[in-house]
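Work through these exercises on a ligand and its surroundings. Try each task before reading the solution.

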Amino acid sequence: MTQQQQPRIGIVIGSTREGRFGEKPTHWIHEIAKQRTDLAFELIDLRDHPLPFFNEPRSPAYGPVNNEAAQLWAGKLATLDGLIIVTPEYNHGPSAVLKNALDYAYKEFNHKPIGFVGYGGVGAARAIEQLRLIAIELQMAPVAHAVHVGMMESLGIMQQGKTFEDFPHLAQAAKRLLDEISWWARVLKLAREGMTTGVAA
Ligand SMILES: Cc1cc2nc3c(=O)[nH]c(=O)nc-3n(C[C@H](O)[C@H](O)[C@H](O)COP(=O)(O)O)c2cc1C
């Protein structure tokens, strides 16, 4: 598959706070992902997209955003064929900074797959369930498989000097997630391109 044909997947770090743990699972999944030849990957750090709290006159579903940082964010999303979000869980939901970033675009998300790597007490399972519902509203295709870096693994890595490689089930889950993202990204890319060329209605 040529570089041009490879669907391009953004791996988004869903936490921007100082001292965030999120960098570790993000770099881990990126390293695994980069070994694949069916997809191309790009790390996207929300720190590079300092969006104000949503303050637009209308939803991005009804027209382009005014804020310059938000236009850059939407422009970045438009170059992608899918997303993997690496998410913490804050009070059983996604971080505010991540939800804000999701609110700031619309059509740039449409008809693309999205998958999740979560970390925390229950591998951010509760936050991921909420994110899947949000993704549906953005007309995305949330995939069923996810990586959940749970309490034992998170604490082992944070406090006991362990690494992701000490928990081989995580790499197995990552493969399932990436395989599924690959299938959906290729199918939906073809469908979107078919729509612009008039092949598919
Ligand atoms: C405001 C806040 C709320 C939190 N709520 C939860 C929670 O509901 N479930 C959980 O497993 N961990 C929770 N935690 C702990 C996080 O899992 C832990 O701090 C993790 O490192 C956050 O990710 P980050 O360091 O990448 O920002 C919370 C942390 C913060 C700061």
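Ala, Val, Leu, Ile, Met, Phe, Trp, Tyr, Cys and Pro count as nonpolar, Asp, Glu, Lys and Arg as charged, and the others, Gly among them, as polar. The model is predicted: local features need pLDDT of at least 70, side-chain atom pairs need 80 or more, and totals for chains, interfaces and linings use all residues. Residues are numbered from 1 along each chain as its sequence is written, and side-chain values use heavy atoms, without hydrogens or water.

**Exercise 1.** Describe the shell around the ligand.

Solution. 
- Step 1: Count the residues with a heavy atom within 4 Å of the ligand. There are 15, and the closest are S15, R17, Y90, Y119 and G121.
- Step 2: Sort the shell by class. It holds 5 nonpolar, 6 polar and 4 charged residues.

**Exercise 2.** Find polar contacts of the ligand (pairs of N or O atoms within 3.5 Å).

Solution. 
- Step 1: F21 places a backbone N or O atom 2.8 Å from a ligand oxygen. A polar backbone atom of H92 is also 2.8 Å from an oxygen atom of the ligand.
- Step 2: Check side chains. E89 has a polar side-chain atom 2.9 Å from a ligand nitrogen.

**Exercise 3.** Which residues line the largest pocket closest to its centre?

Solution. 
- Step 1: Take the space in this pocket, about 170 Å³.
- Step 2: Take its lining of 15 residues; P88, E89, Y90, Y119 and G120 are closest to the centre.

Terms used:
Near = heavy atom within 4 Å. Polar contact = N/O pair within 3.5 Å; in protein donor to acceptor, adjacent residues only side chain to side chain. 1 Å grid on protein atoms, 1.4 Å probe; cavity = no way out; pocket = protein on both sides within 12 Å on 5 of 7 lines; lining within 4 Å. Points joined across faces, edges and corners; volume = space filled by probe spheres on them.
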